[in-house]
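Here is a short briefing for a first look. Start with the sequence and the structure.

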Amino acid sequence: MTTYKAINLIKRPEPGPVTADVFDVVEKELPKAGSGEILIKQTQMSLDPAMFGWMSPDTESYIPPVELGTVMRSSGVGEVVESNHPDFNVGDRVMGMMGWQEYALSNGQGINKVQADVPDETMLSVFALPGLTATQGLFNVGKPKNGETLVVTGAAGSVGSIVGQLAKAEGLKVIGVVGSDEKANWIVNELGFDGAINYKTGDLHDQLTKLTPEGIDLYFENTGGPIQNLVVERMNAHGRVVVCGMIADYDKEVPSPGPSWVPVIKKRLTIQGFTMPDHFDEIPSLLSKLTPYVMSGKIKHRSHILEGLESAIEGLNLFFSGENKGKLIVKL
């Protein structure tokens, strides 16, 4: 093989579903690894809600936007097929930021060897960004305590499902907010959540009141939407709100109004946003915290696999429709 496919970002998306003209599928010459470089054949590629922020023109975000005309940013798993780097050998299984492309040339920065003997999809679904984000957000930001009540939105998603299971393992009561009855059944009957709310059905106020009779101590926010105001109103004194994502607003030109600040004052709430790039130097400690839960069988996951590089383009819109079931992964 002398060429490979890559997908470049060539324009900023408009509000609403992402359209194919935002990207350009290109054929590139397969490079050779130079001095201190490795060539990686990517096998599986992660799709994440954070990509909507990476594609925006916002230069004040936690990470610079993807430059137009360059390969779309993403993380993935692959195999080193050529190496002139002292720390990597041909055949090494690696994980890191590789982008929307079948092969990635790297100097090794941000690329880590995969030590765990688990399938690629498990690496991306649990030990990569979803698991790291869930662990950092829940334990280091949320500071959960046994016996507390947690509400997590996007609870059937890659981050939310792990947050809920970690919290259950720590002795919390966990209520998940999802977008379908199928997802509600999955998080309760398979993952062990104490209750679920399908935000597309019924009276959200009544459902939330019934499932959280003692109020809410910890709120892990992944999505935003109408449930947000109701959760904040039911927070207990000194409750904590962990703001990880706001996918309900990612396709809007004007974000939805947020909750009233009156409950924040009355209940002395702590609200903290976080992003993982601030904590990449803590990955070893986060993995050491997460791994025992996984190895003891306390963390289950499911993956939604798309086939072929170009499936990533339309696959992004599954985050808005909610049709994905589990971690979105592109198999190359």
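Predicted model: local features only at pLDDT ≥ 70, side-chain atom pairs only at ≥ 80, totals over all residues.

Residues are numbered from 1 along each chain as its sequence is written, and side-chain values use heavy atoms, with hydrogens and water left out.

**Domain record**
- UniProt lists residues 16-330 as "domain: Enoyl reductase (ER)", in an unreviewed entry; such annotations may be inferred rather than shown by experiment.
- Residues 16-330 are 29% helix and 26% strand. Helices (H or I, at least four residues) and strands (E, at least two) are DSSP runs, numbered from the N terminus.

**Strand 10 and its neighbours**
- In strand 10 (residues 173-178), 5 of 6 residues are buried (under 20% relative accessible area, 1.4 Å probe, protein chains only; exposed is over 50%, partly exposed in between).
- Strand 10 runs parallel to strand 9 (residues 149-153), joined by 5 bridges. Strands pair if DSSP finds at least two bridges between them.
- Val-174 in strand 10 is the bridge partner of Leu-150.
- Strand 10 also pairs with strand 11 (residues 195-198), in the parallel sense, over 4 bridges.

**Salt bridges**
- The count is 8 salt bridges, each a side-chain nitrogen of Lys or Arg within 4 Å of a carboxyl oxygen of Asp or Glu.
- Glu-310 and Lys-5 meet at 2.8 Å, N to O. Lys-5 lies in strand 1 and Glu-310 in a loop, so the pair ties together parts 305 residues apart in sequence.
- Asp-48 and Lys-327 form a salt bridge at 3.3 Å. Both are buried.
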